[in-house]
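Work through the exercises below with the sequence and the coordinates open. Each task is followed by a worked solution.

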Amino acid sequence: MKKDVAVIGGGMTIFRRRLKETGKELSFLAAKMAMEDAGIQKDDIDMIVMGTAPDAFDGIHMKGENLLDGAAGAGKPYVRVFNGGGTGVFAPIAGWWHVASGVADVCLVVAEEKMGSCYPHPQTAFQHIWDPVLDRPLHPNLVWLFAMEMNRYMTVHGIKKEDIARVAVKNKRNAVGHPCAQLADPNITVDDVLNSEMMAWPVQRLDISPPSDGAAALLFCSEDVVRQYTDDPVWVGGVGWNIDSTMWTNRDLYFPRYVAHAAKMAYKMAGIVNPRKEIDFAEPYDPFDYKELHHMEGLLLCDKGEAPILTREGVTQRDGDMPICPSGGLLGVGNPIAATMGQKVCELYWQLAGKAGKRQIPTNPRVGVGQAWGDIMQMATVMVLKR
Amino acid sequence: MTFTEKQTDPTAPTHWRGNMQADYLYPNGVAGDKFFKHLKNNDNFLATVCPDCEKIFFPPRLYCEDCFVEIPGENWIEVPATGTVRLFTTATINAHGKKMETSKTIGLIDIDKTDGAMLGIIKSSEMDKDLLGLKVKAILRPREQREGTIKDILYFEEI
Ligand SMILES: [Zn+2]
C-alpha cells in the first residue's frame with residue numbers, strides 16, 4: 001500500500017568555492033535548518049538518506065560513513081545513495097521511497113559536497129571517471145566532452161551562441177535573490193558571457209557553473225503523520241530516473257533521451273499528460289547554460305530546438321509563462337554536485353510553500369519539476385512536487 | 001563459462017598502466033580550526049560541552065550528534081593533556097607485511113575530564129607490561145616547532 005509523501009522542511013548552507021566547514025559540519029548545518037523549518041527533533045526522524053557524489057571530491061573513502069553523524073544518522077537506519085551528477089535529485093527520490101513504502105514515517109535527506117578539498121582543482125577527480133583503457137590515456141577532461149555535445153546541439157538546430165548565453169545571464173541574475181548564491185550578478189550581460197575566456201570551443205568561462213562546497217537537506221513525511229507538522233503540505237507528485245550506457249559514442253548527443261525516459265516515468269506517476277500545460281515551473285539541471293535548454297527539451301517542456309527561442313522571448317524568466325531555474329540554478333548559485341538538491345528540489349518546495357522570498361514566482365505555482373543529470377552524459381533523475 | 005587460465009604474471013595480458021592522481025587540502029573545520037590554533041600555543045587541549053546532555057566532546061565538535069544541537073562558543077573548555085590508556089596494541093609488522101626495525105605501540109587514550117578519546121603513540125619504560133589503565137601525558141613538540149596539526153602531539157608517555 002503506497003503512501004502519499006509530503007515535503008515538510010528544507011535547508012541549505014551557503015555555496016562557496018571553498019568553505020572552512022568540514023563535510024560533517026556542512027551536513028549538520030543544512031540538516032538542522034530543515035529540522036527547524038519543519039519543527040522536528042532527531043527523535044522524530046525514522047530514517048536518513050545521504051546523497052553525496054564521488055569520494056574523490058572530499059578525499060574521504062566511503063564518505064557516506066564519515067558524514068553520517070553530521071546528518072543525524074548516528075544510531076539510525078541510514079544509507080548513502082550516489083549516482084554522480086544525478087545524486088542531487090536521486091537522494092530525494094530515495095527519501096521518497098523510504099516513506100512511500102511505509103517503512104518510515106519521516107525521512108531526512110541530506111546532500112553534501114566538498115569539492116574544494118580536491119586540490120588544486122576537482123577536475124583531477126573527474127579524470128578518473130573515463131574508461132581507463134580507451135579514454136584516459138588521452139587525458140580528456142569533461143569540458144571537452146560537453147563542448148562537443150554543445151556543438152552538436154547548436155549544429156542540429158542552428159542555434160546561435162548568444163541565445164545560449166541568455167541562460168547564463170538569466171540564472172546569474174535570478175541568483176541575486178538567493179542567500180546561498182556564489183555567483184549572483186545583477187548586471188551581467190550577454191556580451192559578458194560572449195567575451196569571457198574561451199575554454200574549449202564553444203564553451204566559454206561564463207557558460208559553466210563553478211565547483212563549490214555546500215550542503216542541503218529535505219524532510220519527507222508520510223500522509224499518516226503530515227498533519228502534525230503542517231496544514232498545507234507540498235506533495236511529491238512523481239519520481240523518475242534513467243541511465244544510459246557509458247558508450248556515449250554510440251548515440252546522437254543533440255537530444256538527451258534518458259532525460260525524456262525519466263521524465264515520462266515521473267509524469268506518469270504524477271498523472272501529468274501534457275507537461276507544457278500542467279507544469280508551472282521547472283528546475284532543469286544547468287551546470288552549463290546549454291544544458292538548461294537541452295534538459296527543458298528532455299523534460300518535454302517544449303519541442304526539440306525550441307528552448308532557446310522560449311528563452312529569447314522571455315518565457316523562461318521568473319515572471320514568464322514557464323519560469324526556468326527561478327533559484328538561479330547551478331550557474332548562479334553554484335555547483336556542489338549532490339548539494340544542488342538545494343536548487344533542484346528544495347527550490348520546488350520553497351516556491352510551492354510560498355517560502356522563496358525574493359525569488360518567489362508571482363503567479364502562484366502549483367506544480368514544479370526538478371531534474372539532475374550526470375556521469376558521461378548518462379544519468380537523469382526527475383522529481384515532481386505539487387500543491 | 002569457467003576461467004581456466006591462471007595468471008601468474010599480471011603484466012602478461014595486454015594492458016594500459018595507469019594511476020589515479022589525487023591531491024587534497026583538507027580544512028580542519030570550524031571546531032578543528034579552534035582546537036588546532038589552541039594546541040599551537042598551549043600545552044593543554046580544548047573540548048566542547050553539549051548544552052543539552054552535557055557530554056564533553058574531545059576532540060571538540062561543533063554539534064552534539066545525539067541531541068543534534070549546535071554547541072555555542074561559551075561551551076568550550078580547557079582540559080589537561082593527560083589521560084588513561086583504554087586500548088593498545090604493539091605492531092611488529094608493517095602494512096606491507098615486512099618486519100619493522102622497531103616495534104610501535106599505539107593506543108586509544110581516554111582524555112581526562114572529557115567523554116572523548118584519541119589515537120596516540122605510547123611510550124613506556126616497560127613496553128612488555130600491560131598498559132591498560134596506564135596514566136599518560138601528551139608530549140608535544142617544542143612550541144616554536146608546532147604547526148597547529150595533529151602531528152604536534154608527538155606521543156603519550158607514562159606519568
Ligand atoms: Zn548532547
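**Exercise 1: A:Thr87**

A:Thr87 is placed in helix α4 (residues 87-100) of chain A; helices (H or I, at least four residues) and strands (E, at least two) are DSSP runs, numbered from the N terminus. This is a predicted model, in which local features need pLDDT of at least 70 and side-chain atom pairs count only at pLDDT 80 or more, while totals for chains, interfaces and linings use all residues. Residues are numbered from 1 along each chain as its sequence is written, chains are lettered from A and ligands numbered from 1 in the order in which they are written, and side-chain values use heavy atoms, with hydrogens and water left out.

Task: state whether A:Thr87 is buried or exposed, and list its surroundings.

Solution. 
1. The relative accessible area of A:Thr87 is 0%, so the residue is buried. Buried means under 20% relative accessible area, exposed over 50%, partly exposed in between (1.4 Å probe, protein chains only).
2. Two polar contacts involve its side chain (a polar contact is a pair of N or O atoms within 3.5 Å; within protein, one must be able to donate a hydrogen and the other to accept it, and residues adjacent in sequence count only if both atoms are side-chain atoms). The backbone nitrogen of A:Asn83 is reached at 3.0 Å, and the backbone oxygen of A:Gly84 lies 2.5 Å from a polar atom of the A:Thr87 side chain.
3. Leaving out residues up to four places away in sequence, A:Thr87 touches A:Gly51, A:Thr52, A:Ala53, A:Val81, A:Phe82, A:Pro92 and A:Ala338. Contact means heavy atoms within 4.5 Å.

**Exercise 2: A:Ile361**

Task: locate A:Ile361 and describe what it touches.

Solution. 
1. A:Ile361 is in the loop between α14 (341-352) and β10 (367-374) of chain A.
2. Its relative accessible area is 3%, so A:Ile361 is buried.
3. Beyond four places in sequence, A:Ile361 touches A:Phe281, A:Arg318, A:Pro323, A:Pro326 and A:Gln351. A:Gln351 is 10 residues away in sequence and 6.9 Å away in space, C-alpha to C-alpha.

**Exercise 3: Chains A and B**

Task: describe the interface between chain B and chain A.

Solution. 
1. In this interface, 22 residues of chain B contact 33 residues of chain A.
2. The two chains bury about 2,300 Å² between them, 60% of it on carbon and sulfur atoms. Buried area is the accessible area (1.4 Å probe) that two parts lose on being put together, summed over both.
3. On the chain B side, B:Tyr24, B:Tyr63 and B:Phe68 lose the most area to chain A, together 30% of what that side buries.
4. The interface has 2 salt bridges (a side-chain nitrogen of Lys or Arg within 4 Å of a carboxyl oxygen of Asp or Glu). One of them joins B:Arg61 and A:Asp69, with the closest N and O atoms 2.4 Å apart.
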